[in-house]
Amino acid sequence: MREIILPRRMFLWSMAVIYLAAFVSLYMQIPGLYGNDGLLPARWQLRYSGKSLGEQLLSSPTLLWLGPRLGLDTHTAMELLCLIGAALSLAATLVEALRDSVVFFCLWALYLSMYQVGQVFLYFQWDNLLLETGFLCILVAPLTLIRGSRGVRAHDRVTFWLIRWLLFRLMFASGVVKLTSRCPTWWGLTALTYHYETQCIPTPLAWFALQLPVWWHKLSVVGTFVIEIAAPLLFFSPLRRLRLGAFYLQVLLQVLIILTGNYNFFNLLTLALCLSLLDDQHVHFWLRKADKISNNDSKLQSWLCYLLELAVWALMIFGSIVCFDLKLDTTKNSISSRTAFTFHQFNQFLKTVTIPSIWIGVLSLTWEMVTAMFRCACVSGFLKRFWGTLQWTVFAAATVAMFTISLVPFSYIEFDSHARLWPGVRQAYDMVDRYQLVNSYGLFRRMTGVSGRPEVVIEGSNDGVSWTEIEFMYKPGNLSTAPAVLTPHQPRLDWQMWFAALGDQTQAPWFTSLIYSLLQGKRDVIELIQTDVSQYPFYQQPPTYLRAHRYRYWFTEPKADSSYPKRWWRRVYDEEFYPTVHLGSTFLESMLNQHGLKDKLPPRRMPNNTVAQAVRWVRSQVRGVPTHILIWTLIASSVTLCLLQGLQNRNKHTERTPLTCMAAGNDHTDNVPDDSSDHCGKSDEQQTAEEEEEEEKKEDVQDSEDEVEEGGGEEKEDACDDEED
């Protein structure tokens, strides 16, 4: 059985980087979103009612309840928790020993604390996905800080299997909801003819993607359905090449989404989940290293596997042709397509496949558990066998529990299957629901902006006659401004402006708070719109009047001579979104009172202890820096340091090898037969493996307590640090 040591290390490193991006992105927006002068102050969510700390944590699990005990207000406490999370994730990115269960538990608890008071600005599916994946990291990561060892554990494959199951739930549900929503654009295969210009924050490449022919867009929708609905069933295939094929299909989809849209860390997180489909052998193939696994399969068995794999791929292609009536049109040099099945037929398919897919997961998990148990049983030494079996029991029970409660949100995709779940499973899910351990997913359920991309434009004036548009830094507004590239940063106000444009202003109470804050000239809120406040048209004096209109936006088209237009967007006026208001106007006051946006609490005195001063000093250092530039600077620096560290370790290993060869030659020249090869003639991998075996034997003789901590006879330390990342 092939090992998953390197994919697991790559996954944990990727999670540290994603946590870093998420915490830094959120930290930069805290003053404007949740500060004392923010749009939705977080302190409104923490009402101190005299309950004990334990009762407060049970009602709302957030570490912000500890703020008053540290002499901090809620705003400062949020910034402190974000800074701690960013520092921890940065340290885990640079130091492998810190990619530990304890560290990942702290990161999960810190982000959950932010989520509990995040309100509408943190209620996105990628925040839920980060919390669920982050909790699984606690089970996947080793206990390096406690056990002092990074050795391979027998149950690693069991816990790492949960990452693959999460990836399956995410992709399969995302594909299914597109059809169960009965959205005419998905059923008509025309969704991508609207998607590129109607998504929240497109990239410049989205403009070019939209210019592709319609038949290509429809064929791309067919490919999306195949990748999201059919390919995930291959995640649990016993045939390795089928899993690798499914891996590359998922990577292709995520990379294309990243190139054409700004979806913060979501696609990077999905790519990290895809690492659960790999094994060490394939990572060695990427690194151009020799394959250490000998293939003992007979030629007949190999040919049978090849034929079965070809049959699976042929079946997927044939099914795509039949289900979407794919035909080659030689006259137009295109491929025609249409949905050749009905909603009733798809619903029957969903009823047929949902429960079997759960049983496939059960069989796959059972296989991983039995294999891990067998490895524990084959360990030599009673203490090692006992300790390994104890670890396997604990982590296998945790894995089964996580898998069981995940069936509740997964079965939401099909009503009859959900109704067949045991009541006890639903009760267990309800008990842990507040911690976001498992969630339901379903991205791009319905395509919006079919009649044009709705966009809210805020205008300000000092005399009520001449009006100036307030341009946001990221979202579309100015017709000549190119779309931004800001992944993995998520400007949460810009995202909510996109959602607000889809409905009425009464459905977005925070919008009234935005208007009220801009009339007051609150700097923290202004920096959400323009990090460089000098680019804000009313930075010297707040506007006297504000109003908002809704427009319909479309990407421009190439000119008749195929040259590019000077503008990226064109727009037409739609309707009034928010009436003209000023401070003290009747409409504004009524909306503030209706939504409870007036701060009735007395202003709190700013804390002035050492911690608060340090937090304010950090804020002063990063104020005015664009968030996406700060995030990429930290990521690029971390990657550079990791590469330099890997090269340094490789050089040390290269320098150590000749010295070992010389010592071996001087000490054993007389004892080596003429027809035998000496130690220096072996490959680096073989030499390293022998050194590891000798070191392990010495450690086993010297200290029996180390045997207990290693947890498995077959477990060994991987001394090749240059393979870690």
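Predicted model: local features only at pLDDT ≥ 70, side-chain atom pairs only at ≥ 80, totals over all residues.
Residues are numbered from 1 along each chain as its sequence is written, and side-chain values use heavy atoms, without hydrogens and water. Local features need pLDDT of at least 70 and side-chain atom pairs count only at pLDDT 80 or more, whereas totals for chains, interfaces and linings use all residues.

Helices and strands are DSSP runs numbered from the N terminus (helices: H or I, at least four residues; strands: E, at least two). Helix α7 covers residues 156–180, and its end C-alpha atoms are 36 Å apart. Of the 25 residues of α7, 24 are buried (buried: under 20% relative accessible area; exposed: over 50%; partly exposed: in between; 1.4 Å probe, protein chains only). Just after α7, R182 has a positive phi of about 60°.

A nonpolar patch on the surface is formed by L205, F208, L252, V255, L256, L259 and Y564, with about 650 Å² of accessible area together. Patches are made of residues with over 30% relative accessible area and no salt bridge, like charges being joined within 9 Å and nonpolar side chains (Val, Leu, Ile, Met, Phe, Trp, Tyr) within 5 Å. Accessible areas come from the Shrake-Rupley method with a 1.4 Å probe, and for residues only the protein chains shown count as cover. Two or more residues of the patch come from each of α10 (204–210) and α12 (240–260). The largest share, four residues, belongs to α12. L252, found in α12, is partly exposed at 45% relative accessible area.

The structure holds 53 aromatic pairs. Rings of Phe, Tyr and Trp (its six-membered ring) pair if their centres lie within 6.5 Å; planes under 30 degrees apart count as stacked, over 60 as edge-to-face and the rest as tilted. F23 and Y111 are edge-to-face, with ring centres 5.6 Å apart and planes at 85°. F23 lies in helix α1 (residues 5–34) and Y111 in helix α4 (residues 101–117), 88 residues apart. Both residues are buried. One aromatic cluster consists of F124, W126, Y263, F266, F444, W495, W498 and F499.

Most residues other than glycine have a negative phi, and most peptide bonds are trans. The bond joining T487 and P488 is cis, with omega about 10°; P488 is in the loop between β4 (468–470) and α20 (492–501). N264 has a positive phi near 45° and is buried, at 1% relative accessible area. N264 is placed in the loop between α12 and α13 (266–274).

Salt bridges number 24 (a side-chain nitrogen of Lys or Arg within 4 Å of a carboxyl oxygen of Asp or Glu). In one of them, the closest N and O atoms of E309 and R241 are 2.8 Å apart. E309 lies in helix α15 (residues 299–323) and R241 in α12, so the pair ties together parts 68 residues apart in sequence. E309 is buried at 7% relative accessible area, whereas R241 is partly exposed at 35%. R453 and E455 also form a salt bridge, at 2.7 Å from N to O. R453 is buried at 1% relative accessibility, and E455 is buried at 1%. A network of salt bridges links R523, D524, E527 and R623.

Technical notes
Expected span 1.5 Å × (residues − 1).
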